[in-house]
Amino acid sequence: MVGIFLGPTILGSFFPKIYNFIFPQNLVQIAMLDTLGWFGLFLVLLSTGIEVDFSSIWKQRKNALVISTLDIIVPIIFSMTFIYFLPDHYFEFSSKNL
């Protein structure tokens, strides 16, 4: 929700001066904010990993394996089925599409 409110969706649309003040368009500052975001994501994942109870996971390994396998296979099957039934004109490539 914070990303929607502070991002270009709401803050950037309704208050562009404030948005440009918080998120300047300078490439160096964009790279620094991106690095800070990745660092924050790393810390969240690290703290989540520290809280994991591996004995509980080991007891439920069969269910976890089934769920993770289905989580990969089901979207692949749906997307392949959707792509199979797309009309041929979506697969044509021409330089005017660039």
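1. Helix α2, which covers residues 11-14, is where S13 is found; helices here are DSSP runs of H or I with at least four residues, strands are runs of E with at least two, and both are numbered from the N terminus. S13 is partly exposed, at a relative accessible area of 47%, where buried means under 20% relative accessible area, exposed means over 50%, and partly exposed lies in between, with a 1.4 Å probe and protein chains only. Between the C-alpha atoms of S13 and S47, which stand 34 residues apart along the chain, the separation is 34 Å.

2. A word on the basis of these remarks: the model is predicted, local features need pLDDT of at least 70, side-chain atom pairs count only at pLDDT 80 or more, and totals for chains, interfaces and linings use all residues. Residues are numbered from 1 along each chain as its sequence is written, and side-chain values use heavy atoms, with hydrogens and water left out.

3. As to the overall fold, the chain contains six helices and zero strands, and its elements run α-α-α-α-α-α from the N terminus on. The chain is more spread out than a compact globule, because its radius of gyration is 22 Å, well over the 13 Å that the globule rule gives for 98 residues; this radius is taken over C-alpha atoms, and the rule is 2.2 Å times the number of residues to the power 0.38. The C-alpha trace spans about 55 × 50 × 25 Å along its principal axes.

4. A nonpolar patch on the surface is formed by V2, L6, F14, F15, I18, F21 and I22, which together have about 760 Å² of accessible area. Patches are made of residues with over 30% relative accessible area and no salt bridge, joining like charges within 9 Å and nonpolar side chains (Val, Leu, Ile, Met, Phe, Trp, Tyr) within 5 Å; a salt bridge is a side-chain nitrogen of Lys or Arg within 4 Å of a carboxyl oxygen of Asp or Glu. Helices α1 (2-6) and α3 (16-22) each supply at least two residues of the patch, and α3 gives the most, with three residues. F21 lies in helix α3 and is exposed, at a relative accessible area of 71%.

5. For aromatic pairs, rings of Phe, Tyr and Trp (its six-membered ring) pair if their centres lie within 6.5 Å, and planes under 30 degrees apart count as stacked, over 60 as edge-to-face and the rest as tilted. By this rule there are two aromatic pairs. The Y19 and F23 rings form a tilted pair, because their centres are 5.3 Å apart and their planes stand at 50°; Y19 is buried at 16% relative accessible area, whereas F23 is partly exposed at 26%. Y84 and F85 form an edge-to-face pair, with 5.1 Å centre to centre and 85° between the planes; Y84 is exposed at 66% relative accessibility, and F85 is exposed at 64%.

6. R61 lies over the face of W58, 4.5 Å from the ring centre, where a charge sits over a ring if NZ of Lys or CZ of Arg is within 6 Å of the ring centre and within 35 degrees of the ring normal.

7. Helix α6 (residues 61-84) holds S79, which is partly exposed at 34% relative accessible area. S79 and Q25 are 54 residues apart in sequence and, C-alpha to C-alpha, 36 Å apart in space.

Conventions
Areas by Shrake-Rupley, 256 points an atom, 1.4 Å probe, with all protein chains shown as cover.
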